[in-house]
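Please look over the sequence and the model below before reading on. The paragraphs that follow lead through one chain, a part at a time.

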Amino acid sequence: MGKDVEVKPFYGPPEETLDYDSIKHLVGKFSPVRLPHDEVTESDIRHWCEVMQDANPLYYDTEYARKSEYGGMIAPPAMVQSWSLGTMKAALDQFVRGTLEHPQDPINQVNALLEKAGYTGVMATAQEQTYLKPIRPGDVISCQIGIVQLSEYDHFTRQGVSRYYTIMYRFFNQDEEEVTNMTFRVLWYKPPMNTRQLYKG
Amino acid sequence: MAFEHSMVKKLVGKESAAMPAPDKVSKSDIRHWCEAIDLDNTPFHKINWKKKNAPPAMMMVWTMPPLWSPEAREPTEPHELVMKALDDAGYDGAIGLSIDQEFLKPVYVGDRLSYKVKVAGVSSKEVTTKMGKGYQVDLGYTLSNQKGEVVSTHDYTLLKFKALKPPTKAR
């Protein structure tokens, strides 16, 4: 009982922190606009509505939708991200094999720099979508991702020492009209030592 | 409610009306399927869809009933009535036993299939399996495209069974 308690010094060596100036040039930069792998289809809309149990007739009843203010069927606006999702292979490459499809994108460069600086924990904190135009079956929704904001200094949160960043997704249709934009706020944190030890096993 | 074979006997040999597939054959569904079985990952805009037909083994996908629908409907077709009679009698588990598929014509993107289901047979006695006791149901599917050409037929056998209760732990 409390025999071999290791007493650690209160003041550890100072941890290195990320220099905002070294990363500043990437803030505000966007990736190129990339084509999706699929176009918007009625079957994908139906699958989504089935899973969400969304009975809005605008998404499946052509007759109803034609008489509505939209003048035809539309896709659920909240479904926007599914039109530009990468392939399963790309996801496996990223999360299992650790190789990226587009390592030179500003967002990926920032991710790599944050990880290198020890911010290895990731937590999604907020997402906001603005719907500018309806998306319809047959549309081709392309997407670009940029980083619009990054904390200049460290935050001290319960997750540990951390930085926020806000990324922005912009979605365009085949006529190059912006249909939706989405901001996504992520907390990158340095997991405290006990968390790190837990994950190391 | 107990299940008696006579309840479904009059349904054997009967075929349903033609039911439309919920969706048209679509590029995205083909790509998702190919991706899941690791066949191909080509983006849709790089494929010549006029020449490319849908994978034949995907045939059942086009006519699968929805998971959930805003308009619930009562079972009316012979095969649905058989399933309902078995469900009501407590044979609520289902497991596919075999499927024989025949592919007669290629299916292309944009085709809208429809299908008929025939109740080919229901086992006359309760069968005992490792899954539990149940009845074996044979169904015959006929899939046609919008021109009325038969594109594929399936002979499908499934077991509707009363799932065995897990053994209770002795205390």
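**A helix and its neighbouring strands**

In chain B, helix α4(B) is followed by Gly90(B), whose phi is positive, near 100°; helices (H or I, at least four residues) and strands (E, at least two) are here DSSP runs, numbered from the N terminus. The model is predicted, so that local features need pLDDT of at least 70 and side-chain atom pairs count only at pLDDT 80 or more, while totals for chains, interfaces and linings use all residues. Residues are numbered from 1 along each chain as its sequence is written, and chains are lettered from A and ligands numbered from 1 in the order in which they are written.

Helix α4 covers residues 78-88 of chain B, and among its residues Pro78(B), His79(B), Val82(B), Met83(B), Ala85(B) and Leu86(B) are buried, a term for residues with 20 or more other C-beta atoms, placed from the backbone, within 10 Å of their own. Seen down the axis of α4(B), these buried residues fall within an arc of 160°, so they line one face of the helix; the arc is that of the directions from the helix axis to the C-beta atoms. They pack against α1 (5-9), β3 (114-122), β5 (132-144) and β6 (150-161) of chain B.

Strand β5(B) pairs with β3(B) in the antiparallel sense over 8 bridges, where pairing requires that DSSP finds at least two bridges between two strands, and Tyr115(B) stands opposite Leu143(B) in β5(B). Strands β5(B) and β6(B) also run antiparallel, joined by 11 bridges, and they form a hairpin with 5 residues between them, Gly148(B) in the turn having a positive phi of about 90°.

Technical notes:
A residue is buried if 20 or more other C-beta atoms lie within 10 Å of its own, exposed if 12 or fewer, and partly exposed in between; C-beta atoms are placed from the backbone. Two residues are in contact if their C-beta atoms, placed from the backbone, lie within 7 Å.
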